[in-house]
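Thank you all for coming.

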Amino acid sequence: MENYSIVLFILAIMIVLSALADKVRVPYPILLITAGIAIGFIPTLPNIELNPDVIFLIFLPPMLYDAAFNISFQDFKTNINTIGTLAISLVFITASGIAVVAHYVIPGMSWPLSFVLGAILSATDAVAAISITKGLGLSHKTNTILEGESLVNDASALVAYRFAVAAVTGTAFVFWKASLEFVFMMAGGALTGVVMGAVLAFILKRVHQNQLVTISFMLLMPFITYLVAEEFHVSGVIAVVILGLAISRFSHKVFPEHLKKQSRNFWDVIIFLLNGLIFIIIGLQYPYVVKHIDKTQILPYLGYAFLITIVALLLRMIRVFLQQINLEQAFRKKKGRITEHALLDAKTSLIISWSGMRGIVSLAIAIGLPATLQDDSAFPQRDAIIFISVAVVLFTLLGQGLTLPLVVRFLNGKQPAGTAVAARK
């Protein structure tokens with residue numbers, strides 16, 4: 001009953017602060033994270049330990065499914081080159097860059113441990129970026145790229161993390177085997193998503209006249225798809241994404257307008273609650289991890305986290321602006337299928353770069369670090385890795401989160417009026 005009361009208390013705080021955010025004109029994720037940190041320091045509050053399995057099973061499937069369901073497939077296809085670059089190559093570049101900094105700056109960080117930290121912080125969280133920039137008039141292209149990146153980059157980060165942890169435990173790393181397994185996990189996840197999408201479409205064709213049954217099946221299937229994919233040791237993230245894309249195309253042909261509206265209202269409430277809980281949970285974890293750190297190490301670790309935040313931001317900016325140049329060159333030389341609509345301008349590149357915040361997936365991976373190795377010895381530097389990871393998540397959400405709206409408004413203000421209006425269309 002005590003835990004039940006705490007959950008109700010957190011939900012109530014989340015709803016009140018979300019309403020307050022509109023009044024004070026502060027992005028609601030920032031208020032929720034701050035509230036989570038404050039709540040976590042309440043002396044009488046029991047330790048709220050985050051279970052990574054709960055995050056991956058309860059939070060990820062519905063949020064990935066909703067994002068994939070609502071993204072424009074045509075726009076996703078148009079910007080697939082940029083989305084793939086950010087979601088795959090940038091993830092591994094960021095993991096490597098952070099690993100180099102961690103190895104040479106943080107005492108006691110071996111190469112395998114450094115790559116574990118890099119893998120944890122390699123993927124960005126577009127949920128935070130979209131939540132913070134909501135209502136700021138971002139172009140449809142920017143939203144599509146950010147959401148598309150978040151649909152795929154979690155899978156890349158989880159693969160990188162898996163091999164990094166294996167290296168810590170002494171398992172030999174073979175590049176061609178790792179590459180083959182990565183392809184297998186991605187392809188297997190996509191195939192699972194296609195099969196489960198066909199199964200759901202078959203069911204919905206026969207029950208779509210019953211609105212409650214239809215919406216219930218659509219709510220249930222992301223969880224089932226994720227579990228099936230993980231059972232076959234392929235990417236549950238990719239499976240859910242493909243499921244969402246497939247059912248989105250199917251629903252436009254079969255679902256009547258009133259069913260689409262009712263389904264949309266239902267999912268809006270679900271995603272609102274999940275988003276709010278995620279940001280409060282992120283805040284709650286900071287007081288929890290502080291208790292496991294030597295007090296003399298807190299300031300140095302915060303300094304390392306800040307440095308890693310800057311390095312990750314610079315790597316993202318460099319890669320995004322290089323992508324802008326590459327797209328322009330490919331378009332001029334008519335290489336590949338790059339269309340004019342896929343090109344990036346400086347404003348879009350800067351906003352995408354500044355939107356590289358870390359979030360709940362990084363937090364869940366960090367908390368989920370094994371406590372012991374195969375020989376029952378303690379996982380080296382575990383508390384340090386978790387603390388630095390949580391600090392980087394908070395630095396990106398609070399730092400970039402507070403400044404991102406200012407960056408967007410500044411860029412919009414610098415544009416001619418006609419351009420700003422066109423960007424909102």
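What we have here is a predicted model, in which local features need pLDDT of at least 70 and side-chain atom pairs count only at pLDDT 80 or more, while totals for chains, interfaces and linings use all residues. Residues are numbered from 1 along each chain as its sequence is written, and side-chain values use heavy atoms, with hydrogens and water left out.

Let me begin with the salt bridges, by which I mean a side-chain nitrogen of Lys or Arg within 4 Å of a carboxyl oxygen of Asp or Glu. A search of the whole structure finds four of them. In one of these, Arg264 meets Asp66 at 2.9 Å, N to O, and this pair links distant parts of the chain, since Arg264 sits in helix H12 (residues 257-290) and Asp66 in helix H3 (residues 52-70), 198 residues apart. The helices I name, like any strands, are DSSP runs numbered from the N terminus, with at least four residues of H or I for a helix and at least two of E for a strand. Arg264 also forms a salt bridge with Asp268, at 2.8 Å, N to O, and these two both lie in helix H12, four residues apart, which is about one turn of the helix. Through shared partners, salt bridges join Asp66, Arg264 and Asp268 into one network.

How accessible are the members of that network? Asp66 is buried because its relative accessible area is 12%, whereas Arg264, at 25%, counts as partly exposed, and so does Asp268, at 38%. Here buried means under 20% relative accessible area, exposed means over 50%, and partly exposed is in between, with a 1.4 Å probe and protein chains only.

Val100, Tyr104, Val105, Trp111, Phe115 and Leu307 form a nonpolar patch with about 540 Å² of accessible area together, an area that comes from the Shrake-Rupley method with a 1.4 Å probe. Helix H5 (80-105) and helix H6 (111-120) each give two or more residues to this nonpolar patch, and the largest share, three residues, comes from H5.

Leaving aside residues up to four places away in sequence, Thr144 touches Ile71, Asp75, Phe76, Asn79 and Ile83, contact meaning heavy atoms within 4.5 Å.

Finally, a word on the backbone. Most residues other than glycine have a negative phi. His233, although not a glycine, has a positive phi of about 60 degrees, and Gln381, also not a glycine, has a positive phi of about 60 degrees. His233 lies in the loop between helix H10 (211-231) and H11 and counts as exposed because its relative accessibility is 57%, while Gln381 lies in the loop between H15 and helix H16 (382-414).

How values were computed
Patches are made of residues with over 30% relative accessible area and no salt bridge: like charges are joined within 9 Å, nonpolar side chains (Val, Leu, Ile, Met, Phe, Trp, Tyr) within 5 Å.
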